[in-house]
Amino acid sequence: MHKRILEFSEPIASWDEALPLGNGQTGMLLWGGDRIKLSLDRVDIWDNRPAPETLTEEYTYETMAKAYKSGDKATLNRLFEDPYDYPVPTKLLAGRIELLPGTPVTSMSGFLDMETAEACVTLACGREKAELRTFIHAVNGIGYARIENGENLSMAVINPAYGLWKSEADDDIAFKSSGSLQDLKYPPAEKIADGYVEGFIQATRESFQYAVLVAKRIRGNVTDIVFNVAVSHDLSYDFKAEKEQLTAALENDYENERESHKAWWRDYYAGSRIELPDAAIMQMYDINNYLLACVSRKGCPPMPLQGVFTADNGRLAPWKGDYHNDLNTQMCYLSYLKANHLQAGESFLDFLTALTPYAKEYSASFFDAPDGLNLPGVMTIEGRPLGGWATYSMSITNAAWLCQCFSEYYDYTLDDEFLKSRMYPFLKGVGLCIKRWLADNGSGYLELPDSNSPEINDNWIEASFAKNTNYDISLCRFLFGRLADICEKCGDGQSRDMWSGILSGLRPLAIGPKGLKVNEDFDLEESHRHISHAMSVHPLRLIRYEGENKKVIDRTIEHMKKLGMYLWTGYTVAWFAEFFAIQGNGEAARHYLYSYAENYASPNGFHLNWDYKNRGISRDHGRPFTLEGNMIAMDAVQEMLLYCENGELRVFPAVPEQWAQDGAYFETLRAKGAVLVSSAIKNGKVRYIKLEAEKDVSVRVENPFDAVPEEWPESGIFNLRAGDIRILEK
């Protein structure tokens, strides 16, 4: 088995190329040149002050829909879009530890061992070399660093460069932000120097404060450092317990703490494993699989746009580090199920469930649907709206995509208690909210008054379509179809006719000679980053690659190829690889994954969105980091190895010829139906398929062997009992 290693041989000049370490709650980026910088972050450090407009009676779906219909861009800007330009609400960076050499640095090299989530750095200052090892403990959340031969390194704990709050006049937030942290005006940080512990406590303008705490001890030529980021909603809290915890942690041996930390990571990687004869794709997959564990952990809030790696460049995080529910959050949680890392994704579902009381309040206040539930398309960690391009940021159907996250979890686990107590209530609430606005306004179909296809026509008036889009139709068809399927099992059989009636009243998908359209009157006619018009293919899987739908999907893919990548982002490239995996075209899927990894990913694997190397591939050339591209690319690899839809399972459905010949295998990838699957291929032949059933289930397995094995049922359907292990081979 190969080793998961991320190496560097020269100073790391930018935070978004740093070595990333995290435990789902706390994150650290190791970078620097003239000094070593440990940028610290915590997922729940936010300035949640709301935009004033979001608290007014005007702030409603009805107001927005009427403004689009009448062409009232001024109202759309004032109420819905301009507030996103305010400096808050926003995710905040915690701070930084800097280790400063006494003499100039002549070289810096090292690596991140992703198997153990430990970074190792060699810093040369003339003839002297200092060795640094560091990790964020996977269980207790404390950061540990050990420096050998680092006696000449001094340490500083750096607060982010916020503006200084001087008076109540600085409480105004309703101004267009420059993007600088100086726009956030806070009281001066309280410096800490208490025994071994130093650092700072930073209060915001709410009842919230956080602390960066560091303790250091020197013994001979070994310096040990422990650190933590703590939060409190009590401004009088003094973090005494956290200081004492660090002082105690300083007495623990680095190696012993490292062993318990490594044990967690061994268990994580035991969830599944893949091996490919393709170094570039294997490295990309390993990094993304590693990042998933760093940024999402059960018991912690889910990953926002940058997870626990908020930008450390003196500016607000890209897109303020928020939760974008028109693609980003959903796609961030696309890969964990097949990878068999259930707890990583449970973080998101637990978060959404906990937001249910507010989702009901928001459904009533914004959507005038008191019986339903919904959430903003762009929201804070508290589920509150930030504003943004109106028709996407306040879309009523984005919540149906959140519903798919619940639905997928159930399909992969067959957890009936989850289905009844959590999934159905959430889906039903969103269904009732959407039902409130569906009406036949003369078209003969049930339609929404405002319909969009993210992010077609950007934030123009034309972004809202009179006839409902494939995006909205697909999400409604998914939601109401799923509700009709499960309501009886969930004890709500009397609602079946209602859900089925809504489903039958929706528009059919808009399909033309070029494949799937944006809506009945609008073909996609230019390159576009958000493949929202083809939601029904992936991720919703409403139309499958079979029968007449093959032609529809083929034409859709071909048309997007012709339009080109000019307006694509990195996540588009990875998403397109998913389409080729569905098509069974492994060569094309690999090609687009190569393009993603080479052109849109930082050396540390971070998805930087744009053509940041300016290679002429796409229009935009900045480097804003978000995580959904990472997780889409990870999922695309898994889709190439295992197909599991509609009770049917196929191994290696879309692998390139090189993989099939040179050999590839996977262990315990999770399939829909609560079945763990392992398989290997070599010299173009599948060697075996291993099925491990967690529930009583029937699954149809496509026979990949030259002949039909004796134990193979004529129907191809295997009836498995919970605990069964079945090995199928030629």
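Helix α12 gives the most to the lining of the second largest pocket, with six residues, where helices are DSSP runs of H or I with at least four residues and strands are runs of E with at least two, numbered from the N terminus. This is a predicted model, in which local features need pLDDT of at least 70 and side-chain atom pairs pLDDT 80 or more, while totals for chains, interfaces and linings use all residues. Residues are numbered from 1 along each chain as its sequence is written, and side-chain values use heavy atoms, without hydrogens and water.

**Second largest pocket**
- A pocket is an open set of points on a 1 Å grid over the protein atoms alone, where a 1.4 Å probe fits, with protein on both sides within 12 Å along at least five of seven lines, and its lining residues have an atom within 4 Å of a point.
- The second largest pocket is lined by 31 residues, and D411, R482, R544, N646 and K672 lie nearest its centre.
- Elements that each supply at least two residues of this lining include α10 (398-413), α11 (416-435) and β24 (642-645).

**Largest pocket**
- The largest pocket holds about 870 Å³ of space, a volume being the space filled by probe spheres set on grid points joined across faces, edges and corners.
- Among the 41 residues lining the largest pocket, W319, W389, E455, D458 and R529 are the closest to its centre.

**Helix α13**
- In α13 (residues 496-505), W499, I502 and G505 are buried, meaning under 20% relative accessible area with a 1.4 Å probe and protein chains only, whereas exposed means over 50% and partly exposed in between.
- On the other side of α13, D497 and S504 are exposed.
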